Every structure is written in C-alpha cells, then in structure tokens.
Amino acid sequence: MNQPSFSSRRILRPVRPWFIWLSLLVALVVNLMPLGRAFWLPDWVALVLCFWCVREPLRVGMGSAFVMGVVMDVGYGSLMGQHALAYVLLAYAATTFSRRILWFGPLRQSLHVLPMLVGAQCVMLLVRLAGDAEFPGLEYFAGALIATLLWHPISFVLLLPQYRPENKDENRPI
C-alpha cells in the first residue's frame, strides 16, 4: 500500500479551545509588535485565523474573525472595519472550502490558501483606497505570498499539541 509522504497514520486528538485562543492571541501580539511597516511581514492573524477556520470551522468562524479584525483596526489605528471586513470574508472562504482543503497535502493546501490571503489583502487595499490612501505598490502583496509559504510550518506547529501520545494499550492497534 503506497501512501503519500504527507499523510500520517496517527489519529489527531481533539484540539483544546484554550490552545486555539492562545494561538490567535500570540498571532495578534506578533502582528502588533512595532517592527515597522515592512512590506514582507505576513499578516499572522490572517494566517492563523485561516488555519483554524479550515481545521475547526465549528469553533472558529466569522464572529471570531470580526473580533480579531476590530482589535487589529484599533491596534493599527487604521480605518475602522478594514481588517474586520477582510477577516470576516477570509473566515467565510476558509470555512466554505475547509472540507475541500483538508483533502490535499500541505503544498496543495497552501495553493488553496493563497487566493484567500491575497483576497483579504485586496479587500483591505480597496477599503484604504476608498478612504483616499495611495496605492502602496505590488510589494504590498508580498506578505500574503510569504504567509502562503509559511502555511506548512504553521500547520505543523499548530497541530503539535494534538499529536501527544496517549497511554498505549497493547490490546488496541490504534
């Protein structure tokens, strides 16, 4: 039986809700760190939010995305609702396509995530342009491309607590 290299024979344990919220909080803190306006920095909240909307669509959804977006708007001092709208649309797309995305390996998952992250960036850009901002250039989308490249490592790190070994029972094969 030939199995692809990305599959795992291990059964994932259920994710704990506190870990989901801790990972979103860490992503929020990393986003709000004063690192300057570097165009290459990914939107960590969007990436982690997209991951949890794909993996746990019943626990993390558009309500969580709206709250995180409002916090980002306040933290950045940007036009109110800009991140909230982008994150809600991102969460909607991620939950809509979650069952499809989970069928694929990490590389193909990242190819599905790329248009969602770029779309969220486009929504934020359109809101800024409607508020009389200048076009920042095509390098504005570099963060979404880098976030797509980080999809597999972030997936691995966020799934690590679910791989904890349980007490092994010699009578059960799983």
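Trainee: Leaving aside neighbours within four places in sequence, which residues is Cys50 in contact with?

Mentor: This is a predicted model. In it, Cys50 is in contact with Leu90, Ala94, Val113, Met116 and Trp151, once its neighbours within four places in sequence are set aside.

Trainee: Is Cys50 buried or exposed?

Mentor: Buried means under 20% relative accessible area. Cys50 has 1% relative accessibility, so it counts as buried. Cys53 counts as buried too, because its relative accessibility is 0%.

Trainee: How many disulfides are there?

Mentor: A disulfide is a covalent bond between the sulfur atoms of two cysteines. The rule used here asks for sulfur atoms within 2.5 Å. By that rule the count is zero. Cys50 is in no disulfide, and the nearest cysteine sulfur, that of Cys53, is 7.0 Å away. Seen from Cys53, the nearest cysteine sulfur is that of Cys50, at 7.0 Å, and Cys53 is in no disulfide either.

Trainee: Which residues touch the most other members of the largest nonpolar core?

Mentor: That core has 43 residues, and Cys50, Trp52, Tyr87, Met116 and Leu117 touch the most other members. Helices H1 (17-32), H2 (44-55), H3 (62-76), H4 (82-96), H6 (106-130), H7 (142-149) and H8 (151-159) each give two or more residues to this core. H2 gives the most, with 10 residues.

Trainee: What does the secondary structure of the protein come to?

Mentor: There are eight helices and zero strands. Along the sequence the pattern reads α-α-α-α-α-α-α-α. Of the 174 residues in the protein, 39% are buried. Among contacts with a separation of 6 or more, 70% are between residues 24 or more positions apart.

Trainee: At what angle do the axes of H1 and H2 cross?

Mentor: Two packed helices are described by the angle between their axes and the distance between the axes. The axes of H1 and H2 cross at roughly 160 degrees and come within 8 Å. Angles over 145 degrees count as roughly antiparallel, and H1 and H2 are therefore roughly antiparallel to each other. Their crossing is right-handed.

Trainee: Which residues in H1 and H2 meet?

Mentor: From H1 come Phe19, Ile20, Ser23, Leu24, Ala27, Leu28, Val30 and Asn31, and they meet Trp44, Val45, Val48, Leu49 and Trp52 in H2. An α-helix has 3.6 residues a turn, so residues three or four places apart point the same way.

Trainee: Where is Leu12 placed?

Mentor: Leu12 lies in the segment before H1. With a relative accessible area of 29%, Leu12 is partly exposed. Not counting residues up to four places away in sequence, Leu12 touches Arg55, Leu159, Gln162 and Tyr163. Leu12 and Leu159 are 147 residues apart along the chain, yet 8.3 Å separates their C-alpha atoms.

Trainee: Which residues of H7 are buried?

Mentor: They are Ala142, Gly143, Ala144, Ala147 and Thr148. What covers them includes H2, H6 and H8.

Trainee: Which residues does Val118 touch, not counting those up to four places away in sequence?

Mentor: Val118 is in helix H6, and it touches Phe141 and Ala144. Val118 counts as partly exposed, because its relative accessibility is 24%.

Notes. Residues numbered from 1 in each chain as written. Predicted model: local features only at pLDDT ≥ 70, side-chain atom pairs only at ≥ 80, totals over all residues. Heavy atoms only, no water. Core = buried A, V, L, I, M, F, W, Y, C linked by side-chain atoms within 4.5 Å. Buried < 20%, exposed > 50% of the residue type's maximum accessible area, 1.4 Å probe, protein only. Helix = DSSP H or I, 4+ residues; strand = E, 2+ residues; numbered from the N terminus. Contact = heavy atoms within 4.5 Å. Axes fitted to C-alpha atoms, helices over the stretch in contact; angles between N-to-C directions. Parallel < 35°, antiparallel > 145°, perpendicular 65-115°, else oblique. Left-handed = near helix turned anticlockwise from the far one by under 90°.
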